[in-house]
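Hello,

Here is the structure I promised to pass on. Please open it next to this message; my notes follow below.

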Amino acid sequence: MPTGITSNELWLIAPELIITLFACLALVVDIVAGRGRGRWTALFCLTGIGFALISTGILYSEHHGSERAAFYRMVAVDDYAIFFKFLFLIAAALTILISVRYLDVERHQSGEFYALIMFAVLGMMFMASGTDLLSLYVSLELMAIAVYVLVGYLRNDRKSNEAAIKYFLLGAFSSGIMLYGISLFYGAAASTNLSDISAAVVELTAEGQPMRYLLLIALVLMAAGMCFKIAAVPFHMWAPDAYEGAPTPVTAFMSVAVKAASFAMFTRIFLDGFGAMRYLPGGLPGWALILGIAAAVTITWGNIAATTQKNVKRLLAYSSIGHAGYLLLGLVAGNRTGYTGILIYLLVYTFMNLGAWTVIIALRREGIAGDEVEDLNGLVHKAPALAVFMLVFLLALAGIPPTAGFIGKYYIFLALIEAGSVESNPWMYALAVLAVLMTAVAIYYYYTIVKAMFLTDSDAKIAVEPTRVQWSVAAAAFVLTIGMGVLPQFFINRSVEAARRFQVYPQRPQAAPTPARSTAPQTGQLRQRDNGTNEN
Amino acid sequence: MNELMLGKLHILSLVTWLPAAGALALLFFHKEKTDQIRVFANAWAALCFVVSLPLLVAFDRSKAGFQFIEDHQWIPSIGVRYQMGIDGMALVLIVLTTLLGAIAALSSWNYIRTREKEFYVFLLLLQTGMLGVFVALDFFLFYVFWEVMLVPMYFIIGIWGGENRLYAAIKFFLYTLVGSVVMLLAILKLYFTLPELVASHSSELNAWLAPFAGNEATTNMVRNAAQAAGASTQTAFASSFNIPIFHALGQFIPLDAQIWLWAAFFIGFAIKVPMFPFHTWLPDAHVEAPTAGSVILAGVLLKLGTYGFLRFSLPILPGASVDARVLNVVVPLAVIGIIYGALLSLYFIYTSSDMKKLVAYSSVSHMGMVMLGIFAANPNGINGAIVQMVNHGISTSALFLIVGVLYERRHTRQISEYSGLSQVMPVFATIFLIMTMSSIGLPLLNGFIGEFLILRGAFERNVWWGVWAVTGIVLGAAYMLWLYQKTMFGRIEQPENEKLPDLSRREVAYFLPLVVLAFAIGILPQQFILNYIQTPTQYIVSQVDRSYVQPKQAALQPAATDSPEGTGSK
């Protein structure tokens, strides 16, 4: 263990430092520029994100394939963290780009909006690289508090206020639950570090150990807390209200970046920390079962509830609940295909979902909220390009090839089939069947939007005029959504290398009376995984 | 012109993507300039047909395996390759597709008078999707085309359809999507199983490849796929989506697993065919779709289901395909489809309701016949099934065009609105008569060849199958003749019908190829179709029935005399 903090370690978190610097300075820039000049702050923040992207790129080229722990093993810089940092930074940049005109229309153009996004991104970046329950928790709160404020940003809008309060109360509640889980883990394992925990739980959960029930409770608490964050059923109630009430760019940001960050943390904790608890010996349910049920319920409920929505924001909110279910399945499958699937799914989801939100935001114009399904009526006549973009985004969200969404779903389904074959677990097949059938339900509600855009004539005559920036963001998302579907190899490679750090945790033999024998290789493997690639 | 030359031109990619290129080009037209759009789209569709014709000439009809193979790297880390290739069965369906594509475009000249640009864009995209399904030799590629095709069809029904179009469009989409996603799981399971199969059955693979000795491209493709899947290790999974290698090794999957996989494929294909009880989307879609949509739907889309059975279910899962558990479900469903479709058609005539509904239900009946032929799983049955697929594409498309012609003139499809039309529209009545006869299987017309072969195959397999099929044919004759009598003969009772114009030159132009084909296949079936499909048929039969010895080249002759003999003896 290193003593003290070296400059080397600071270099490892250079992107985060840049974001911190620019976020703080953004508040100053806002004052200097004066009221109503939020655009300058936006530009300033974009510059900061640009620098952060460059430094992340440098880190990637320097540390590619290796893992560097820093700050007393509080954070680690590995391909996984860097993958997500790229994702968050790009999502944040796109969010800022589509926010500018929206805030103009809302007459709420001010700089702190962009600064808050920067702070949220800072939290996310640490969520992706945290390797200690405490650093992860603090990063989560940093992100969450910034987003609570963003949700209630339109202070004259009652819906926005209501959404913020709901989100805040339930978010605080879930943080409390998770914190309780963390304390239990600390009590049992005497450490909050994920690798220490993973080494400890193997023995602590063996049959006959008194601590195993406590750990199971702790696991359930952690799972509940995380499920709140990713809006998995039954902890999803806040999502539709918060998504509907929040300013639309914030909704976009939440459904993409916040969700990805929560998944980054979820996956890291459950694989690096609690991997051995995927299956528990002696008839106790491991997290494969718990999350499997949660995923099944989430997919079913998210998709079915979405079919009755008339408001596009609520509809997409329920759809994003459904997507959380699909992502959970990657974790449930518990193999490399599944881990890769989570990453590539999040990647493609970011672009297709941001694209869809961009189109919705472009519809927000003076006097028209633009978030009812009816507001999309006849869009193909008013703005044909936007309508076609939206069609592709929706097809991608539903997982129709050759869009990027299919690649994500492909990996999730393949992971389940693989798990079903390798572990000869028929439930995995059942989950796969449920998951594919729900894509048909998804098509049904996505097509209410398509129907409005292409098959219904509009009575409102107000033109739809996206700004050049909005149009470009939608077009870029469109190109990526198609491109990642047709030529996904590059993105698959990035996801595979990011997921490489995770172990596969197979079912432990039921009749193993001596846990030490069966578990020793597992803990050993956990540390030795990078032996081959460490040197580049 | 030979295979090598066309292969260098990437002829299959060209045929497949040419319609999509046309759709792309159409995007640059101004949407108000409808005449330009129409001319361009029609010319392009005709071009697509012309480009597909060299395939017929260059195709080596006696060669086993796949031809015009294209094989390129696509997504290496998941074993996906851009692989295309066709056999005789795919070939005839491809040419049918390009022909019907051109006809559908031409038939829309006057019919489609709103949003023309979008219409032709969707029509051309749809064509690429359908052609892609026939040429794909990689499961992943196949699945992409299979799904992507739903989107343009949805819009064709949903935008230019009848009153209830929104319901019909989404119903079509959802039904077929449910089927195809379940099929996707089966594909993934096969993909995942392949490395084990390769590891344990490499010697059988070589034996399987032996009959394809003259076809380097096919054997190389399969060997490469085997090599890719064989490289799979515990830590680095690798496999292949190559379809022929599943033909080779699918038989070694344990029977119980085969049945599950078979069931998943069955859901995908049976919905597409459609088999009773999955057929309910079809009447809705047909009734609401514009004429061109119905033509494509009946002419090509339904064949994708039966094509799926012949290309995937039977060769890959032969054990399940002849298993009693499977046949006890599939054959009764096919028989119910035959009888039920025919009875409902009769009922629609009796109540003088919508003609399109009648033709739609007759499709259910006809496709039931095809299914019976497929599951007879003997050379006659499968030959008949493929011929009947083409026939159905010709005659049912023509019937939909006929209904479309009437609808364009009178804006109604109620049978009760028409009578005695042969007096005012003699040319139309003649064509209608030919197509009616083709549909009920009059000798010297195409329908007879298909039905005869299917019947023969069914009787060879099980007398009762044949009996049921005959019932369907008798009922089919009843409703078609009754329809013809009601609408064409008698006196003109509706004053609006007295001045109906006969077919225009454009309309004759799109009926003519269908009429010519109906006669050509009826009179010279051997030259026009059987020669192309005999090799694939024998291949499929040998896959399902290991004891069946594929006749070598010389055996083409005895099989060749089969059908003319049958024609004479009936």
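Confidence comes first, since this is a predicted model. Chain B has a mean pLDDT of 89. In that chain, 95% of residues reach 70 or more. One stretch needs care. Over residues 553-570 of chain B, pLDDT stays under 50. The model has 17 contacts beyond four places in sequence for that stretch. For the complex, the predictor gives an ipTM of 0.91 and a pTM of 0.92.

Next, the contact between the chains. Chain A puts in 26 residues and chain B puts in 24 residues.

Now the fold of chain B. It holds 25 helices and 2 strands. Of the 570 residues in chain B, 60% count as buried. Take the contacts in chain B between residues at least 6 apart in sequence: 80% of them join residues at least 24 apart.

Some backbone details are worth a look.

- Val233(A) and Pro234(A) are joined by a cis peptide bond, with omega about 5°. Pro234(A) sits in the loop between helix H9 (211-230) and helix H10 (238-245) of chain A.
- Chain B has a cis bond from Val273(B) to Pro274(B), with omega near -15°. The loop between helix H12 (255-272) and helix H13 (281-288) of chain B holds Pro274(B).
- Ser424(A) is not a glycine, yet its phi is positive, near 35°. Ser424(A) lies in the loop between H17 and H18 of chain A. Ser424(A) has 9 other C-beta atoms within 10 Å, so it is exposed.
- Arg115(B) is not a glycine either, and its phi is positive at about 50°. Look for Arg115(B) in the loop between helix H4 (88-111) and helix H5 (116-135) of chain B. Arg115(B) has 18 C-beta neighbours inside 10 Å, so it counts as partly exposed.

Best wishes

Note on methods: Residues are numbered from 1 along each chain as its sequence is written. Chains are lettered from A and ligands numbered from 1 in the order in which they are written. This is a predicted model: local features need pLDDT of at least 70, side-chain atom pairs count only at pLDDT 80 or more; totals for chains, interfaces and linings use all residues. pLDDT is the predictor's confidence in each residue, from 0 to 100. Two residues are in contact if their C-beta atoms, placed from the backbone, lie within 7 Å. Helices (H or I, at least four residues) and strands (E, at least two) are DSSP runs, numbered from the N terminus. A residue is buried if 20 or more other C-beta atoms lie within 10 Å of its own, exposed if 12 or fewer, and partly exposed in between; C-beta atoms are placed from the backbone.
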